[in-house]
Amino acid sequence: MSGHTRSELLALVPDVYLADGYLDSGKPRPELTGEWAAAACTQLMAAELSPQELGFTLDAIHLLLPEHQELDPSDRLYAAVKEAIEVVARAIRQPNNEGLLRWLTACVARVESEQDIAAFLEHAEAVRKQYAVLVALLPSS
Amino acid sequence: MVKKVKEAFTPPPPVKPGEAGPAQTDRADKLLKGMPPEDQAKVKKLLDEAPPQEKGYLQKALASKHTAAELEEFHKQIAGKDAAWLEKNLHVVGQSQGKGIKQQWHDSCGPTTIQAMKAELDPIYALKLRTENPNFQEADNSDGTKLNPKMADEQKTILTGKGGIARNRDSSGKGMPLTDALNDQKATTGLKFDIEEVDSSSVDGRLGEIDKSVNSGLPVPMRVSDAPNTGGHFVLVVGADPGPPKTYTIHDPWDGKLVKVTDKQIKDNNFNIAGWNKVSHIYKPSAE
């Protein structure tokens, strides 16, 4: 058996796993929905993010992305995520989770094209699903 | 070309619930400028004359693309109301008693989250939802349409639009407690889980189901145990590499480790995850 230890997963941050971008030969890298999503979950869990805040934030990004018309895809996603963060902070009436903000910052920084946005959303959805399930699997939950 | 470096996301400065944030204010300004002159004048007058606690909500409604007529009608409903009334009636989460919008169906957590976010963005939607569903913080377990039929209908529409089925809240199936815990997370996963036992006669079929789920982006919770089933541990399959050898990537939340196990190791009960060597159950996900 092989794999990654918890400390390796904590070190596998978006700056590392997205170093070569979201796409490989024009397609989203398969690790985005597998190992890298698991690594992101480990980091978010260490930051004590609630699955609800993650869900709210991703739903808000989905709702707001079509409202942004910035020509540059990177600018468009950045603006949508920035607004989503504001909306969620208002809705939950507390500051956003710092770990979530770090992860979003690093993920958004690597987006350069519309295909990257689609790949980011795919990655984020995989993280949402894995994260909620992992929280449910924890003995204390 | 020099790549632009964007600022890191940081928690926004605290704003009152009724204030439009910078992005919504900016969008409202643009939409206002795009309105026909007559409508523009009407909306501008509303915004100019509204006291601060009403103006934010009007901006949010404008940013949500409502027409001048809709904004005028909305303003009639909120005009003169104090900040407490506005805060209570134009939001569906973050209520003073700590309660909020409630899912009306067994599987409609996801649609409920979407309703909550829509309401946070659009106060006209929030007011309509609250007015039409005065018991929005309650749910009838045996009849999803009893207390809040309109809200329930919208949740049902969203749910069925994603291939789900709206069933009453008390209609959950039987399973190990984990099934309920997993299904309680549907708001964030959008997934429903069904428990399936794994033994030597079913292991091939179950692995096939894991392949199908994982390859379509759905992680698969799994219980590992030992042959006499003296205890167990829950893990999550997050990847399946066809190989050869075919290898599964499994997240062990207890240790926070990611382990790789081949299909042969699973079939032979010859692996070691937290001391366990046999897969006893999988929790088959399906999208709701």
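The model is predicted; local features need pLDDT of at least 70, side-chain atom pairs count only at pLDDT 80 or more, and totals for chains, interfaces and linings use all residues. Residues are numbered from 1 along each chain as its sequence is written, chains are lettered from A and ligands numbered from 1 in the order in which they are written, and side-chain values use heavy atoms, with hydrogens and water left out.

The model scores ipTM 0.78 and pTM 0.73. Chain B has a mean pLDDT of 82, with 84% of its residues at 70 or more; pLDDT is the predictor's confidence in each residue, from 0 to 100. Within chain B, confidence is highest in α4(B), at 96. Confidence is lowest in helix α10 (residues 186-189) of chain B, at a mean of 58.

Chain B divides into domain 1 (22-87) and domain 2 (109-287), with bounds from an automatic or database domain assignment. In chain B, 11 residues of domain 1 are in contact with six residues of domain 2 (heavy atoms within 4.5 Å). Together these domains of chain B bury about 700 Å², 68% of it on carbon and sulfur atoms. Buried area is the accessible area (1.4 Å probe) that two parts lose on being put together, summed over both. B:K60, B:H66 and B:F74 supply 50% of the area that domain 1 of chain B buries against domain 2, more than any other three residues. Zero salt bridges link domain 1 and domain 2 of chain B (side-chain nitrogen of Lys or Arg within 4 Å of a carboxyl oxygen of Asp or Glu). On the domain 1 side of this contact in chain B, α3 (52-63) and α4 (68-78) each supply at least two residues. The largest share, four residues, comes from α4(B). Helices (H or I, at least four residues) and strands (E, at least two) are DSSP runs, numbered from the N terminus.

Between chains, 63 residues of chain B are in contact with 56 residues of chain A. The two chains bury about 5000 Å² between them, 67% of it on carbon and sulfur atoms. Four salt bridges are found across the interface of chain B and chain A. A:D75 forms a salt bridge with B:K6, the closest N and O atoms being 3.0 Å apart. Elements giving two or more residues to the chain B side include α1 (22-33), α6 (109-121) and β3 (233-241) of chain B. α6(B) gives the most, with seven residues.
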